[in-house]
Structures are given as structure tokens and as C-alpha cells.
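This report describes one protein model together with its ligand. Please look over the sequence and structure shown here before reading on.

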Amino acid sequence: MIVGFCNPLLDISVHVTKDFLDKHGLKENDAILTDEHGQAKLLQDLDPNTLLYSAGGAGQNAMRASQWLLPNGTVVFMGAVGGLLGVLDGVDGVDNVGSNTNADGFNVKELDKHGEILKHAAEGDGLRVEYEIILKKATGTCLCLLTPGHRSLVACLGAAVGFSPLHIDRHAQLIEKARAVYVSGFLLSDSHDAVDCLFSKHLVGEKEKLVYMNLSAPFVCQVFRERLEKCLPRVDVLFGNDSEALELARSAGFEEQQDIFKIVKELAKYKTMNKRIVVITRGPGSTLVVDETLTLHEIPVPLIPKEDIVDCNGAGDAFVGGFIAKHYSGASILDSVHVGHRVAQMIIRQSGIVFPTDERIDL
Ligand code: AP5
């Protein structure tokens, strides 16, 4: 079993111009956080008829991809979503594990509308979700502003900030049973207590369990570097893209700050107890991998004609999901990278992060 942890978010995707991004002070290829007002301001400037709503949240995307490739019941996902007021049940709080629960131990029957969409998409891919339900806060949303070949993500975490150590503790048995966990760096912004609890209580001494972690965004590497560094010693496989790797190197003050090849090698040794594998994607550029022997591999990405690229949002998550599924199944790192590329390229040829029910990529 694999258990993944991240902020579950509903994506609102829309194609925009570079001028739109400039007007709002946004970069073409970035991921930032905002609040309800910040998102509302952007939405006011967009035509509601052009908005596409779909299940998102980086970690849930990755875990949906892994589950899509693996036998049913292999992957479980946790994060926090909004619940509807007035639907509390099971106030005795007796054993709510296995149902959707909130931190007070209440069994909440209904998720809010956006939470339901996320759950539906997850379960449609066979992914089991164990959401923590936060009352009085709405499920988080992420504006995905698409320009040709790029995406700018503006997330409002909403209920996801409520993800608590209590929820982790309540699922201790599930985590104990898992052979691997996947932790999104995005959690380090507002749910670092839950991440701390996971690493310091549930992963400590658990040498057999594989720990996959994602750098997730440049701001995580810069603003939350110290929190990230607390996790790193226990991370077996570290994922990221080149801008995240560069940002971490800059923020941590590596000597060779500009050479991505040297940085990736350095990351394999950075704050580690064991041998760590590092996997850094670079869009259409070759993927860089450092293996347990500290050997650097450069794995080319198959070319896709420009006209076949529909929506790059979620490519990195799909890559990670594909890689994890193959690697968890016992394959080599290089074979796992190839599966990651195939799943990522399937996702960028279509709109939204959707996994077909009628076709599969064989592991
Ligand atoms: P997003 O960050 O868009 O997805 P991603 O999959 O991580 O990012 P990219 O698509 O930019 O990929 P990447 O840079 O990681 O990978 P790369 O380009 O190297 O995340 C989307 C989700 O994030 C949304 O659902 C949103 O909800 C969520 N999110 C935002 N903020 C959040 C928060 N605070 N908390 C939680 N969730 C949050 O590409 C990877 C691979 O793709 C490559 O190796 C290659 O195989 C393939 N590929 C990519 N581009 C090309 C190309 N041009 N040609 C051929 N292959 C390509």
C-alpha cells in the first residue's frame, strides 16, 4: 500500500494571455498561494464561461496516476477538505477511521460541493481517500492560468490548511501497514505540524518504508526550506523540477548555484542519512536522475509535436505518479522514469488531469 499526503484542491483552469499575467503581477510558470480575496480579484477579471472545473491538488493528482496503474486498493490519499455544517453524525466519536472524519472526531457525512467533486474523481480512478473534514471552511481551489506551453498556479488552500496531526495519528495503523508514503512539499506551507507528526512519530525507525517526497514549488524551497530540511534525512526519493532544484540550491547556498547537473548531484547528498535518489524533470528537456551510487543519468524525453500539446497542467504530477507506480512495483529507477514520461505525455495531450478507463499503460 502507498499512502499519499497533500492539499486536495479543485482546479479552475482557463486560457489567458501573457498581458493578463503581467497585469496581475504573475509569472508564466509559477505556483503561488493567495487567499479568497486574491483569487476573487482574478476571477472577476475572467469570463466565467471560459472556466473549466476539475479535480486537482498536486499530490492527489499523483496518487490518482499511481492508482490508475496499480491493482485496485493499492493507494490511499489524505488531505483536508470542507464539510457541510449541520450534518454531523456519530458524535460519540467511536472509531471513525475509514470514514471521513474531522479533527474533533466527528463523523461528517457530507463534503461540500467541491470536496464531492474531488472525492468523485479520486474514487473514479480507484483511489481511496481518507479526507479530514474541516467545517466552516470551503475546499481549496487552484486557479490554473494557462498560456501556450506554461501554467501559472494561484492556489487558495481553504479547508486544506486544517489538515492536522490528529488525523495522521488517527490513521496510524494505515500508515504503519503502508510500504511507501508520498509527501507533497506543498503541505509545508500550512500543514507542517501534520508533516512533522508524520516524520517524527510515524516514519521514525521505519527503515523499510519507502519515503517519496516532492519539492512541489520554488516558494516551498525558498520560504519553507527549514521545514523541508527537517524531512530530507528520511526521504529516499526526492522529486522536483529544475526551477525548484535551482531555488533550493540558491536558498541553501550550494557552491555551484547555476549548474543544474552539479546541483542535482548535490541534492542526493544534501541533509541525508541514507543514499537518496533524486529525480528532476525539465519539461521537454531530459530528466536528470542521481541513483544510489551517486551516478548522474540524463534520460531524454520523447519529443511531442507542439500542436499535440493541449494542457501542460499536471504533467509533473502525472510523471511522479507513473514513476512511483513502477518503482513501487520493484522496477529500476530508469524504467520508472520511462513510465513517468509516458503518463506525463498522455496527460499533456488532453485537457485536464483525466485517466482513461478504457486504456492502461502496462507496468
Ligand atoms: P503542476 O505544478 O502544474 O503540475 P505539475 O504536474 O507539478 O507541474 P508542471 O506541469 O509544470 O510540471 P513540472 O514542472 O513539475 O514538470 P515538467 O514540466 O518538468 O500542478 C498542477 C496541480 O498543482 C494542480 O492540480 C493544482 O491544484 C496543484 N497545486 C497548485 N498549488 C498547490 C498547493 N499549494 N497545494 C497542493 N496542490 C497545489 O514535466 C514533467 C514531464 O512531463 C516531463 O518529464 C516530460 O515527460 C513531460 N513534459 C512536460 N512538458 C513537455 C513537453 N513540452 N514535451 C514533451 N514532454 C513534456
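## Gln345

With a relative accessibility of 13%, Gln345 counts as buried; buried means under 20% relative accessible area, exposed over 50%, and partly exposed in between, using a 1.4 Å probe and protein chains only. Gln345 is placed in helix 13. Helices (H or I, at least four residues) and strands (E, at least two) are DSSP runs, numbered from the N terminus.

The model is predicted: local features need pLDDT of at least 70, side-chain atom pairs count only at pLDDT 80 or more, and totals for chains, interfaces and linings use all residues. Residues are numbered from 1 along each chain as its sequence is written, and side-chain values use heavy atoms, with hydrogens and water left out.

The side chain of Gln345 reaches the backbone oxygen of Pro302 at 2.8 Å. This is a polar contact, that is, a pair of N or O atoms within 3.5 Å; within protein, one must be able to donate a hydrogen and the other to accept it, and residues adjacent in sequence count only if both atoms are side-chain atoms. Apart from neighbours within four places in sequence, Gln345 is in contact (heavy atoms within 4.5 Å) with Val301, Pro302 and Ile304.

## The ligand and its shell

Gln345 also faces the ligand: one of its polar side-chain atoms lies 2.9 Å from a nitrogen atom of the ligand. An N or O atom in the side chain of Arg151 is 2.5 Å from a ligand oxygen, and a polar backbone atom of Gly314 is 3.3 Å from an oxygen atom of the ligand. Taken alone, the ligand exposes 1,000 Å², of which the protein buries 92%; these areas come from the Shrake-Rupley method with a 1.4 Å probe, and for residues only the protein chains shown count as cover.

There are 35 residues around the ligand, and Asp11, Arg151, Cys312, Gly316 and Asp317 come nearest. A residue is near a molecule or strand if one of its heavy atoms lies within 4 Å of it. Among the elements that each supply at least two residues of this shell are strand 2 (9–15), strand 12 (150–158), helix 12 (315–328) and helix 13 (333–348). By class, the shell has 18 nonpolar, 13 polar and 4 charged residues. Ala, Val, Leu, Ile, Met, Phe, Trp, Tyr, Cys and Pro count as nonpolar, Asp, Glu, Lys and Arg as charged, and the others, Gly among them, as polar.

## Cysteines

The structure holds 0 disulfides, a disulfide being a pair of cysteine sulfur atoms within 2.5 Å. For Cys221, the nearest cysteine sulfur is that of Cys231, 12 Å away. Cys221 is buried, at 0% relative accessible area. Cys312 is likewise in no disulfide, and the nearest cysteine sulfur, that of Cys144, is 12 Å away. Cys312 is partly exposed, at 22% relative accessibility.

## Helix 7

Which residues of helix 7 (residues 192–202) are buried? They are Ala194, Val195, Cys197, Leu198, Phe199 and His202. These buried residues pack against several elements, including strand 1 (2–5), helix 5 (165–170), strand 14 (210–214) and helix 9 (225–231).

## Two loop residues with positive phi

Most residues other than glycine have a negative phi. Lys136 has a positive phi, near 70°. Lys136 is found in the loop between strand 10 (132–135) and strand 11 (139–147) and is exposed at 73% relative accessibility.

Leu294 also has a positive phi, near 65°. The loop holding Leu294 runs between strand 17 (285–290) and strand 18 (296–299), and Leu294 is partly exposed, with a relative accessible area of 33%.
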